[in-house]
Amino acid sequence: MRLIVLASGSSGNSALIESGGRAVLLDVGISARETMRRITAAGGSDARIEAILLTHEHVDHVRGARVLARRLGVPVMGTPGTLQAAARCLADVPETSAIRRQDRFSVAGMRVTSFPTAHDASESCGYTFESRNGHRIGVATDTGVVTPEIAEALRGCHAIGLESNHDEKMLAEGPYPPFLKRRIAGDRGHLSNAAAAAALGTLGWKGLSHVFALHISEQNNTPASARTALAKALRQTAALETVARNEIAGCGL
Ligand SMILES: [Zn+2]
Ligand SMILES: [Zn+2]
């Protein structure tokens, strides 16, 4: 089983989750062409992509979904609220498939669980993916807080992708207008380094081998600050990677 983070941050988010030669794309927030280029660059092009799963309708998560779904001939899956809110961006995709915000279903041979995230979108969610041999990958981004449901979903995952969006001090002292600062720091905004670290502190276990700090703000954070905050919380020996804009990162389980 592999997780390849193809893009992360406000300029675009996408990840490939692959198991046994079959794969799903989690969000396509960069162009279809760039998504495929990065999959090839990361050595993931041998996997057959069978679906695109959306976390929510914001453009940094859906930008390339329509073109790529058409090109690959695969369904786009998401909650009814997400599919409705993204309807214009998903016109004439081969198929849309609605899942519930807290759901269990199979796709590309993996057992997928969806869980609600706390974000200013219609009906946002995160996902965990479990392979046939019991490896689990969980990804939670675009959430103002780590709710008990999110923590529960990520507990026991072997690899975790967790939002580490901003350093609270950098955001507070930074150039953004007050309304935007409030939005980002709010309960339905984006996760701070401190909040991500606090959550991670409760999620460590011996099977956790990889943690990816995602959706790192270019304006209100640095990969180094995110790393420092998360590394402190990560008492286990799991590898920690901060994924900055235009970086590709991945792990195999
Ligand atoms: Zn968002
Ligand atoms: Zn986002």
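The exercises below work through the fold of a predicted model, from its overall dimensions to single residues. Local features need pLDDT of at least 70 and side-chain atom pairs count only at pLDDT 80 or more, while totals for chains, interfaces and linings use all residues. Residues are numbered from 1 along each chain as its sequence is written, and chains are lettered from A and ligands numbered from 1 in the order in which they are written.

**Exercise 1. State what the radius of gyration of the protein is, and what a compact globule would have.**

Step 1. The radius of gyration is taken over C-alpha atoms, and the globule rule is 2.2 Å times the number of residues to the power 0.38.
Step 2. For 253 residues a compact globule would have a value near 18 Å; the protein has 17 Å, which agrees.
Step 3. The C-alpha trace spans about 45 × 40 × 35 Å along the principal axes.
Step 4. Of the 253 residues, 54% are buried (20 or more other C-beta atoms within 10 Å of the residue's own; 12 or fewer is exposed, in between partly exposed; C-beta atoms are placed from the backbone).

**Exercise 2. Give the strand order of the open sheet and identify its edges.**

Step 1. The protein has 9 helices and 14 strands; these are DSSP runs, numbered from the N terminus, with at least four residues (H or I) for a helix and at least two (E) for a strand.
Step 2. The open sheet has 7 strands in the order β7-β8-β9-β10-β11-β12-β13, with mixed pairing; two strands pair if DSSP finds at least two bridges between them.
Step 3. The edges are β7 (103-107) and β13 (239-242): each has a single partner strand, so one side of each is left without a neighbour in the sheet.
Step 4. From one strand to the next, the twist averages 15° (axes are lines fitted to C-alpha atoms, for helices over the stretch in contact; angles run from 0 to 180 degrees between N-to-C directions).
Step 5. Within the sheet, β8 (residues 110-116) and β9 (residues 125-130) run antiparallel and are joined by 6 bridges. Val112 is opposite Phe129 in β9.

**Exercise 3. Describe how α8 and α9 pack on the sheet and against each other.**

Step 1. Helix α8 touches β11 and β12 of the sheet, and its direction makes about 160° with that of β11. Helix α9 touches β12 and β13, at about 155° to the direction of β13.
Step 2. The axes of the two helices, α8 and α9, come within 8 Å and cross at roughly 25°. That makes α8 roughly parallel to α9 (under 35 degrees; over 145 is roughly antiparallel, 65 to 115 roughly perpendicular, the rest oblique).
Step 3. Residues of α8 that meet α9 include Asn193, Ala197 and Leu200; their counterparts in α9 include Ser225, Ala229 and Leu230. Contact here requires C-beta atoms, placed from the backbone, within 7 Å.
Step 4. The buried residues of α8 (residues 193-203) include Ala195, Ala199 and Leu203. The buried set packs against α5 (148-154), β11 (159-163), β12 (210-214) and α9 (223-233).

**Exercise 4. Decide whether Leu54, Asp142 and His215 are buried or exposed.**

Step 1. Leu54, in the loop between β4 (48-53) and α2 (59-62), is buried, with 29 other C-beta atoms within 10 Å. Among the residues that Leu54 touches are Asp27, His61 and Met77.
Step 2. Asp142 lies in the loop between β10 (136-140) and α5 and counts as buried, with 27 C-beta neighbours inside 10 Å. Asp142 is not a glycine, yet has a positive phi of about 55°.
Step 3. His215 is in the loop between β12 and α9 and is buried, with 25 other C-beta atoms within 10 Å. Phi of His215 is positive, near 55°.

How values were computed. Contact = placed C-beta atoms within 7 Å. Lists of a residue's contacts leave out its neighbours within four places in sequence.
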